[in-house]
Amino acid sequence: MSPLYFRDAEQAEIGERLPVLPLRDLVLFPYVVTPLLVGRPATLGAIEAAMAEERWVLLVAQRAAEVEEPAAADLHRTGVVGRILQVNRLPNGTAKVLVEGFARARVSRYAPAAGHLRAVAVPAPLDGGAESDADAAQGRAVLELFEEYVALHRRLPDEVTAMVQGAPTLPQRAYGVAAHLTVAAERKQDLLEIDALETLLRRLVATLTSEIELLRLERKIDDDVRGTLFRNQREFYLQEQLKAIHRELGEDDADDLAELETQVAAKTLPEAVRGRAMRELRRLRRMSPMSPESTVARGFLDWIVALPWTERSSEHPDVAKAREALDADHHGLEDVKERILDYIAVLALVEKPDAPILCLVGPPGVGKTSLGRSIARALGRSFARMSLGGVRDEAEIRGHRRTYIGAMPGRVIQAMRRAAVVNPVLLLDEIDKLGHDYRGDPAAALLEVLDPEQNRAFSDHYLEVDYDLSQVLFVTTANSLAGIPEPLRDRMEIIRLPGYLDQEKLAIARRFLLPRQLERNGLDARRVEVGDDVLRAIMRGYTREAGVRELERRIARLARKLARQEAERAPHDAAAPLVVEAGDLHALLGAAPYDDDDTSLDDKVGVACGLAYTSVGGETLEIEVTVLPGRGKLALTGTLGDVMKESASAAMSYVRSRAVALGIERDFHRTRDIHIHIPAGATPKDGPSAGIAIAIAVASALTGIPVRGDVAMTGEVTLRGRVLAIGGLKEKAVAAHRCGIRHVIIPHGNARELDEIPEEVRSSVVFHPVKTMDEVVTIALRAQPSAAREGAAATTH
């Protein structure tokens, strides 16, 4: 063990019979404090004897370290008298002893004692008297060599040099250097037995010089080896070390490879995939575990084993049970349910029918995502969801090639691994929000996934083997078809979810939303009374949406308020039910942000009600027109898009061409400015379907005839007054019904879509298919322009 520090102590008087402490592979020098670990019975006995006296002990090195119970013949005759500074007993019976060397001594004879050995020793100080100049020069050389020795040695700290140089006398410095030499114990014993200081210094110079040369040679060899060692040799060395570590831990790479081979053999794989897996496994056996290729090959085999290749969900096609499962999770949505029930019926007759690829298009909050989970439950299949919103990299779909660091399969393969079967229901959420940039077009990559003729052999860049997706039931969701490329849209069966009617929202709130929120907030639904009038008030005053997401948030807030009331109730009122009235909503939910009268049904001059289709469903759109004295300037405001501006220009041209028939001055455009404004100016608006509404609003403003307030309209207008078909009729019709509109003017080209509109809407709203603007004028204006002109003339006369 290395000495700790020096003590500048006077040489003490040596007793006649000192306890002997034999040292194995260690030589102690004077003036040095050294820790020792003692465990032999004789040595422990010597320490106990010394502690019982004055703590003096004689430390002598053994001639042979393997001797367990040394006798006098086994010990050297020159040692060091030391004093025990500290003894710490350890639980295992050994002891840590801190000993300080005081003086060199020679043993005249050894004598046995009770359980240990004693010795009669005489002092043996260094000869030489006063230090000469030659000794000082030799001492300086020793210190310089020792400083270089410490610098080259990797196990000696730099502080050792300063500690040795700080010793007050030359003998102390000489013994300090000798104590820190990492040489054999025999050579240290030879240094201790030297009697003359001059001889000791010369021997130290020779020893240090020899050791420094060896250290330099070791450093040179080490540098040469490091410079010439090839990478594969380093890997082999590390590999052998790693194997040794694994053996010590009871682990073995061979066992892991054998286990992996067993898994591959037990897996039911297509022949092509099995052949590829076995080739990769043989290649892995030949690789070094430290090679990067080994990690890639191991990852590939792990994916092959983890993916489902033949595992299937056990299906039991039952149309009646499937209907019950769908009705239990969702209210309404008959189109989707009918399509799923048709597929289940075919599944009962055909073993492996072609799975449909459904695209559920509708505003947020109508249950598109949850419907996918319900479809899986109705079919008895596993369900996996994959969100496509914001995906811009083609590799997210097809996977990364294994040449890249951190390569992984695409999201489709990852979803199949999570599903663990080859016939799951896989939901591709937000397919209309795919992006594309320099890394590729994910929508184009999805063409292979969603094409029934191609997905039987889907190729992922990571796997590089064909994977069969033909048994997967793909369900995609979107808020709008506008964001889906035409080739991708062509591969999917579009099912529109227009939004919920008030009665449907009421049923959903009563069956699903209110019980769920009461349970989440710790309330007993049997003790909470919320009437239908309260739910209707929340729907009409606190929400304005096609779905039920905001409605559920409002009900959740109401449930939290009720939970707080329950927690604050007095104990004697704890059994009373919690009753919510419509008049309590202001206190519970705050002021209602919407008013039933927001959409006025009054007749107005220059104001027409249009219908718009947005990503959040259908909406009504008031179009305002004001006529001002001027020079024929047309102003368009309300953040209108280019298509809507063109529609406004076409509507103006139509009105000018029909000025005489509408009872308007032929040259009105020379003396009047027309300002067309669509409210909610912060919201961008675009599309051609507001054309007939703009034309009617302009005609009303110029003729002074009010537009019927209970009429809404949608359709594209041409310069010749024809009304062209538009999109999103179902959503627009639901929006008109929600706002209390009684008459809706639609293009004749959309009349075939009326059967798709919910029965409740068709029973309360009258639809007027039209082909020309003349028909629109007849229906929308409160009076005919000619009659208005005649009435105005009679009033003048």
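## Local features of a predicted model

Val225 sits in helix H6 (residues 197-228), where helices (H or I, at least four residues) and strands (E, at least two) are DSSP runs numbered from the N terminus. This is a predicted model, in which local features need pLDDT of at least 70 and side-chain atom pairs count only at pLDDT 80 or more. Residues are numbered from 1 along each chain as its sequence is written.

Together with Leu217 and Ile221, Val225 makes a nonpolar surface patch of about 260 Å². Patch residues have over 30% relative accessible area and no salt bridge, with nonpolar side chains joined within 5 Å and like charges within 9 Å. A salt bridge puts a side-chain nitrogen of Lys or Arg within 4 Å of a carboxyl oxygen of Asp or Glu.

Now to a helix pair. Helix H11 (residues 319-329) packs against helix H13 (residues 368-379) at an angle of about 155°, their axes being 8 Å apart. H11 is therefore roughly antiparallel to H13, a term for angles over 145 degrees, with under 35 roughly parallel, 65 to 115 roughly perpendicular and the rest oblique.

Most residues other than glycine have a negative phi, yet Glu464 has a positive value, and so does Thr639.

Conventions: Side-chain values use heavy atoms; hydrogens and water are left out. Accessible areas come from the Shrake-Rupley method with a 1.4 Å probe; for residues, only the protein chains shown count as cover. Axes are lines fitted to C-alpha atoms, for helices over the stretch in contact, and angles run from 0 to 180 degrees between N-to-C directions.
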